[in-house]
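Me: I am new to this structure and would like a close look at one part of its surface. Please take me through it slowly.

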Amino acid sequence: TPYATESAAFTSYSLDCTNFYAVNRGQQYFWLKMAAVSSAGEGALSTAVKSRCSAAPGTPLIPTVTASTSSSITIGFDTNGLNGAYLTGFKIYTDDGN
């Protein structure tokens, strides 16, 4: 049974993850497929695309230097809020000032 049916004029669709069959499924994976429909019937299903309902995380707070030696620098940081995001990691960027 399809979750939604749209007219031929539609070229995009937004799935409400916070009200999926009256259940909040935010931050969970969905596999989405679609099929075209005509008066002759329904075509084959597309290949599924996997996506998660998740916003981009907030900007981290300014990192703090927790230790420094002649060969390394250790920093500490806080996420400063995830904004509903499912956090999968961090990227640390460096710049030598030149």
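What volume does the second largest pocket have?

Reply: The second largest pocket has a volume of about 310 Å³. Among the 13 residues that line this pocket, Pro63, Ile75, Phe77, Ile92 and Tyr93 are the closest to its centre, and by class the lining divides into nine nonpolar, two polar and two charged residues. This is a predicted model, in which local features need pLDDT of at least 70 and side-chain atom pairs count only at pLDDT 80 or more, while totals for chains, interfaces and linings use all residues. Residues are numbered from 1 along each chain as its sequence is written, and side-chain values use heavy atoms, with hydrogens and water left out.

A pocket here is an open set of points on a 1 Å grid over the protein atoms alone, where a 1.4 Å probe fits, with protein on both sides within 12 Å along at least five of seven lines, and lining residues have an atom within 4 Å of a point. A volume is the space filled by probe spheres set on the points, which are joined across faces, edges and corners. Ala, Val, Leu, Ile, Met, Phe, Trp, Tyr, Cys and Pro count as nonpolar, Asp, Glu, Lys and Arg as charged, and the others, Gly among them, as polar.

For comparison, the largest pocket holds about 1000 Å³ of space; 28 residues line the largest pocket, and Ala4, Thr5, Lys33, Met34 and Ala35 lie nearest its centre. The lining of the largest pocket has 18 nonpolar, seven polar and three charged residues.
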